[in-house]
Amino acid sequence: QQPVQSPQAVILREGEDAVINCSSSKALYSVHWYRQKHGEAPVFLMILLKGGEQKGHDKISASFNEKKQQSSLYLTASQLSYSGTYFCGTEKGGADGLTFGKGTHLIIQP
Amino acid sequence: DTGVSQDPRHKITKRGQNVTFRCDPISEHNRLYWYRQTLGQGPEFLTYFQNEAQLEKSRLLSDRFSAERPKGSFSTLEIQRTEQGDSAMYLCASSLVRGRDRGIQYFGAGTRLSVL
């Protein structure tokens, strides 16, 4: 079942912060976060695993609430380059394909 | 290493024709995934391989779709008797089974298919 992302879109001024949420109705093994710019490949940002392990970029942080099956991506001091569509992908087992949400469109204005 | 490579980048075909796409994963990545993405949507999982074995197929993968990874390196995705509904971006991703970066899927730029 597809995870639900919120908000659908957000517009920020450069330097502002944003939080993007992802929730699932199923128990999850991991949550993956990607950013995609128009016409380009999704770029890996973060993976959060059941049990607390996280891997990702230094300048991006995220959380995973295993009890609620919810994850949040925190973008602080946003830069113009952060613009794009953010997708969360969820995995139920340890060897599955990802089920992606519909995405959150982020626009950063100067 | 140049990342996941997909070929061609764009393909235009007429309804009813067969098409084949190729994906070259990152060197030494054991797992290879195929996804389909339509405008305004997230990628949808189609199938994945661990080495040469196809381990999972989505219900989205109709009988007209077939994927192979014969030597555990590159993979091909073939669509037979294409339909207009097959028009989409077909994305390939690869990942490691072990190691520090295990489980992280790295995506290629995709093959955009347009069926006329």
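Some ground rules, quickly. This is a predicted model, where local features need pLDDT of at least 70, side-chain atom pairs count only at pLDDT 80 or more, and totals for chains, interfaces and linings use all residues. Residues are numbered from 1 along each chain as its sequence is written, chains are lettered from A and ligands numbered from 1 in the order in which they are written, and side-chain values use heavy atoms, with hydrogens and water left out.

Disulfides, then. The cut-off is a pair of cysteine sulfur atoms within 2.5 Å. Searching the whole structure gives two over all chains. In chain B, Cys23(B) is joined to Cys92(B), S to S 1.8 Å. That pair links distant parts of the chain: Cys23(B) is in strand E3 (residues 19-24) and Cys92(B) in strand E9 (residues 88-95), 69 residues apart. Strand labels are DSSP runs, numbered from the N terminus; a strand (E) needs at least two residues, a helix (H or I) at least four. Cys23(B) is buried at a relative accessible area of 0%. Cys92(B) also counts as buried, at 0%. For burial, the cut-off is under 20% relative accessible area; over 50% is exposed, and in between is partly exposed, with a 1.4 Å probe and protein chains only.

Now chain A. The sulfur atoms of Cys22(A) and Cys88(A) are 2.0 Å apart, and the two form a disulfide. Here the S-S torsion is about 70 degrees, so the disulfide is right-handed. Again distant parts of the chain are linked: Cys22(A) sits in strand E3 (residues 18-23), Cys88(A) in strand E9 (residues 84-91), 66 residues apart. Both cysteines are buried.

Next, strand E4 of chain B, residues 31-37. How many of its seven residues are buried? Seven of the seven. In a regular strand, side chains alternate between the two faces of the sheet. In E4(B), both faces are covered. One side has Arg31(B), Tyr33(B), Tyr35(B) and Gln37(B); the other has Leu32(B), Trp34(B) and Arg36(B).

Pairing of E4(B). The rule is at least two DSSP bridges between two strands. E4(B) runs antiparallel to E5(B), residues 44-50, with six bridges. Leu32(B) has Phe49(B) as its bridge partner there. The two strands make a hairpin with six residues between them, and Gly40(B) in the turn has a positive phi of about 80 degrees. E4(B) also runs antiparallel to E9(B), with seven bridges.

Aromatics. Rings of Phe, Tyr and Trp (its six-membered ring) pair if their centres lie within 6.5 Å; planes under 30 degrees apart are stacked, over 60 edge-to-face, the rest tilted. The whole structure has 14 aromatic pairs over all chains. Take Phe87(A) and Phe100(A): centres 6.4 Å apart, planes at 85 degrees, so edge-to-face. Phe87(A) is in E9 of chain A and Phe100(A) in E10 (residues 99-100), so the pair ties together parts 13 residues apart in sequence. Phe87(A) is buried, at 3%. Phe100(A) is buried too, also at 3%.

Ring pairs build a cluster whose members include Tyr34(A), Phe87(A), Phe100(A), Tyr35(B) and Phe107(B).

Which residues make up the contact between the chains? Chain B gives 22 residues and chain A gives 19, where contact means heavy atoms within 4.5 Å. The buried area is about 1600 Å², with 53% from carbon and sulfur atoms. That area is what two parts lose in accessible area (1.4 Å probe) on being put together, summed over both. In chain B, Pro43(B), Ile104(B) and Phe107(B) lose the most area to chain A, together 26% of what that side buries.

Leu45(A) is buried, at 2%. Its C-alpha atom is 5.2 Å from that of Tyr34(A), eleven residues apart along the chain.
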